[in-house]
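Dear colleague,

Please find below the structure that I am handing over to you, followed by an account of what was found in it.

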Amino acid sequence: MIHIRLEPRLSTPRWVSWASPVVSIILALMVGAVLIAAQGASPIEAYAAMYRGALGSGFGFAETLVKAIPLMLAGLGVAIAFRMQLWNIGAEGQLWMGAWAAAGVGLFLYAAIPMPPWLAILLMMLASMLAGGLWGAIPGALKAYLNVNEILTSLMLNSVAIFWVLYFVDILWRDPGGLGFPNTAPLDKAIWLPKLGALLFFLPPTHRVHLGLAFGIIAAAFMWYALSKMQWGYEVRVIGLNKRAAGFAGMPIARNIVLVMFLSGALAGLAGMSEVAGVAHRLQRGLSPGYGFTAIIIAWLAKLNPFAIILVSILFGGLLVAGEQIQMTMGLPASISLILQGLILFFVLAGDVLSQYRIRFR
Amino acid sequence: MVSTSTLQTVSRENEIVVSMREVTKRFPGVVANDRVTFEARRGEIHALLGENGAGKSTLMNVLTGLYTPEEGEIAINGQPAQFRSPKDSIAAGIGMVHQHFKLVETQTVTENVILGLDAPRFRLDMSRAEADVAKLSEQYGLKIDPKAYIWQLSVGEQQRVEIIKALYRGAQILILDEPTAVLTPQETEELFITLRDMVAKGHTIIFISHKLDEVMSIADRVTVLRGGKVVATVNARDTNKAELAEMMVGRPVLFRLDRPALEPGEMVLRVEELHAENDKGLPALRGISFYVRAREIVGIAGVSGNGQSELAEALNGLRPITRGRIFLNGREITTLSAREIIDAGVAHVPEDRHTDGSVGDMNLTENIILKRYRHPPIARGPVIDWNQAREMSSELVSRFNVQAPGLDTRARLLSGGNLQKLILARELSAEPALIVAMHPTQGLDVGATEYVRQVLLEQRAAGAAVLLISEDLDEVMQLSDRILVIYEGEIMGEASGEKADRAQIGLMMAGQRQEVGY
């Protein structure tokens, strides 16, 4: 009998850790090609169409960036939790709660109390972060004080959040003039997130990229700064790498668990706000096609590095746009892009194992 | 018939049962065994002596089939052997008792002994197996109740189960990995009697150790390994401790530490009727009272698992105290958090360097500031001044003689001794009032052990109060001004460091209260 076993590598060569994501993507595209071919289409044509749709034109790239915004915000949120070995699978629900809170402020508070639009936008941001944050802090507190597995609680709270929000969309906040569509009334134009317009000079002037992109980049920069320079970020890293040693060094572990889960949820919540105020301009069914779940793949693929998350989000945003493209132009299912996402994750996980272990036959 | 068998025994007396020739085992970047030649004869106790990392365990893992060597030949009873798995080596009559026992706590002695055997394929005849175990236990003087559950047994008894397990599988060659590390002096004596009895019955014992005294007292022959190579194989009666130590370390070793008499100072730590629970919620400390003064080392001796870990954790604010009080320099610290206790001037050299004392995936600097990142000069507002941190770590790394390629080296890559020096650098450079050191030299090589003990004595001279918790009785006796013995969460008695009587301490370690005079 042949024994196959994994032998730990003493050190991982630098090129392996970089080659792993690249090779993963190539392999995912190869497997995807088989599936596309099984649909009776030419994989090369399909990939060419995907490329053209997502990156080939200024408009396509603009749409890619639009999709990348919620992905990077939620991805950063997931990553900060993962840094502390807190497996927050609840970004989707946290995103929905953020969207809900933002819509509430934008639709009702703004109408009830006169205030300048910038203040309303700021309040929407804060409300979304608070709502998403609290939704993340629930599994955090359960983990910190009762040692309840946060994977299960955060995952299950997704359903709770989504149905809670849909209850408002479908019934309580439903737009009576909405011709029966399940959505709220639109937000006042004044409190839409401003488009970046001519700031992104390389895009066609009518592009839809909004201020949310700046939120993402600022959040990434702040996360990098906090983790590498601040005492608090150092605590997060120590707790993530060795919780026991952190305890022995007197670090407040429970408090940081709740705090990090709050921040994680807050960033996902902000992603919800940016979709409401920047893209849909109302709360509606289908607001998120699972951004919060894709964010998990993105965070992992980016190896929890904040700046890499921005790049990977753009890649995955492009994948979503490309999926829509080939559905329209070639009649292929848009879910091809979801399949590709899944495949990339599979190969990345395999690549992670292989970069830490070598296979031995004997 | 009888006479032939006797004749055979005689002629087989010096027969070589284990022969390993020019065995080489490489790991990426390391040659763990470099052309090692090792022989063991029937009826001998052969000690395998060497520091950590000398290649003793690798060599035995090759012999038990866990590793396949790149080069070399193995012969058992003159027959060439190629072990592809531990199963093959068991079939060849080799048994191993690991340092950490491989027993199922919730099963009985007999169930553990027959665990994993193919023999009763369908119907398990437990009473017969029990009778077999009882017979073996009687034959070899390994007192044990075949029906007892493992969790009910003391560590020494569990070790006997491991030995019976090996014998039950027909082991003629028994490998014991640091078997005395977990035993009281009395239990060690009993084990040695058993081992002598076993070799008299024709077994071969390979005894892995780094303790010179016990090697001198039990072994017939000694093979010394250093850096993966055999230094020499010698007859125990033709050598002495100093010679063995020199072979083991590669240079002459001092056995005496300079511990000048010092007048103890103010009371630094006072513990009154301390109670605490273990992780299972059972009482682990039951009313412990003692004190430690400045300029003295108080040793806590005891067999592991008698509340030592809980005591260290309770003192450092890492474990809730259910009753009792702790004072540091007269100030009550019973309810303070770990952070507050650190800031109050308590240093902790924890039990496990890797899981408790350092962050393996962080570099030296990040490990040095582990307890200091919130205070100037490292802290500047909410940020860390990494330049200051690097400066401090560079200074401490050289002051405490930590050997590492650079400050960016991850702590994981340090050897045990260097990691311990790094931890000492962090803990002691803060000039603590009290140092709680738990097993500070466990698993360290002779050189690093010497260094750590020296540093603790320096701290004592500099005015610190040191609480030394160790299972190594020699260490406790060598370093301590006073010795307290802990058993099942209670202090069994106290002895003066110099005049301590090993036998009496041994009795206390086994749970007998003693009034020991000074």
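In this predicted model, the C-alpha centres of domain 1 and domain 2 of chain A are 27 Å apart. Domain 1 of chain A is made up of residues 1-39 together with 333-362, and domain 2 of chain A covers 46-331. Where the two domains meet, 13 residues of domain 1 of chain A are in contact with 14 residues of domain 2 of chain A. On the domain 1 side, helix 1 (14-38) and helix 13 (336-356) of chain A are the elements that give two or more residues. Helix 13 of chain A gives the most to that side, with seven residues. By class, the domain 1 side of this contact holds 10 nonpolar and three polar residues, and no charged ones.

Two helix pairs in chain A may be of interest to you. The crossing of helix 2 and helix 12 of chain A is right-handed. From helix 2 of chain A, the contact is made by Ala46(A), Ala49(A), Met50(A), Gly53(A), Ala54(A) and Leu55(A). Helix 12 of chain A contributes Gly318(A), Val321(A), Ala322(A), Gln325(A), Ile326(A), Thr329(A) and Met330(A). Taken by class, this contact of helix 2 with helix 12 of chain A has nine nonpolar residues, four polar residues and no charged residues.

The second pair is helix 4 (residues 91-112) and helix 5 (residues 117-146) of chain A, with axes that come within 7 Å and cross at roughly 145°. The crossing of helix 4 and helix 5 of chain A is right-handed. Their contact comprises 17 nonpolar and eight polar residues, with no charged residues.

The domain assignment divides chain B into domain 1 (15-249), domain 2 (254-345 + 432-518) and domain 3 (360-430). Between the C-alpha centres of domain 1 and domain 3 of chain B there is a separation of 40 Å.

Chain B has an open sheet of six strands, in the order 6-7-8-3-9-10, with mixed pairing. At its edges are strand 6 (94-97) and strand 10 (229-235) of chain B, each of which pairs on one side only. Neighbouring strands of this sheet are turned by 20° against each other on average, direction ignored. Strand 9 (residues 221-226) and strand 10 of chain B run antiparallel and are joined by six bridges. Arg226(B) has Lys229(B), in strand 10 of chain B, as its bridge partner. Helix 6 (residues 155-168) of chain B touches strand 6 and strand 7 (173-177) of chain B, and its direction makes about 170° with that of strand 6 of chain B. Helix 9 (residues 241-249) of chain B touches strand 3 (45-49), strand 9 and strand 10 of chain B, and its direction makes about 30° with that of strand 9 of chain B.

A further open sheet in chain B has four strands, in the order 12-11-14-15, and its pairing is antiparallel. Its edge strands are strand 12 (283-293) and strand 15 (331-332) of chain B. Strand 11 (residues 267-277) and strand 14 (residues 321-328) of chain B pair in the antiparallel sense over six bridges. The bridge partner of Glu272(B) in strand 14 of chain B is Arg325(B). Helix 10 (residues 308-315) of chain B packs on this sheet, where it touches strand 11, strand 12 and strand 14 of chain B. The direction of helix 10 of chain B makes about 60° with that of strand 12 of chain B.

Lastly, there is the contact of the two chains, which takes 26 residues from chain B and 16 residues from chain A. On the side of chain B that touches chain A, the elements that give two or more residues are helix 11 (338-343) and strand 18 (383-384) of chain B. Helix 11 of chain B provides the largest share of that side, three residues. The residues on the chain B side divide into 13 nonpolar, eight polar and five charged.

With kind regards

Definitions and conventions. Residues are numbered from 1 along each chain as its sequence is written. Chains are lettered from A and ligands numbered from 1 in the order in which they are written. This is a predicted model: local features need pLDDT of at least 70, side-chain atom pairs count only at pLDDT 80 or more; totals for chains, interfaces and linings use all residues. A crossing is left-handed if the near helix is turned anticlockwise from the far one by less than a right angle, and right-handed if clockwise. Two residues are in contact if their C-beta atoms, placed from the backbone, lie within 7 Å. Ala, Val, Leu, Ile, Met, Phe, Trp, Tyr, Cys and Pro count as nonpolar, Asp, Glu, Lys and Arg as charged, and the others, Gly among them, as polar. Domain bounds come from an automatic or database domain assignment. Two strands pair if DSSP finds at least two bridges between them. Axes are lines fitted to C-alpha atoms, for helices over the stretch in contact, and angles run from 0 to 180 degrees between N-to-C directions.
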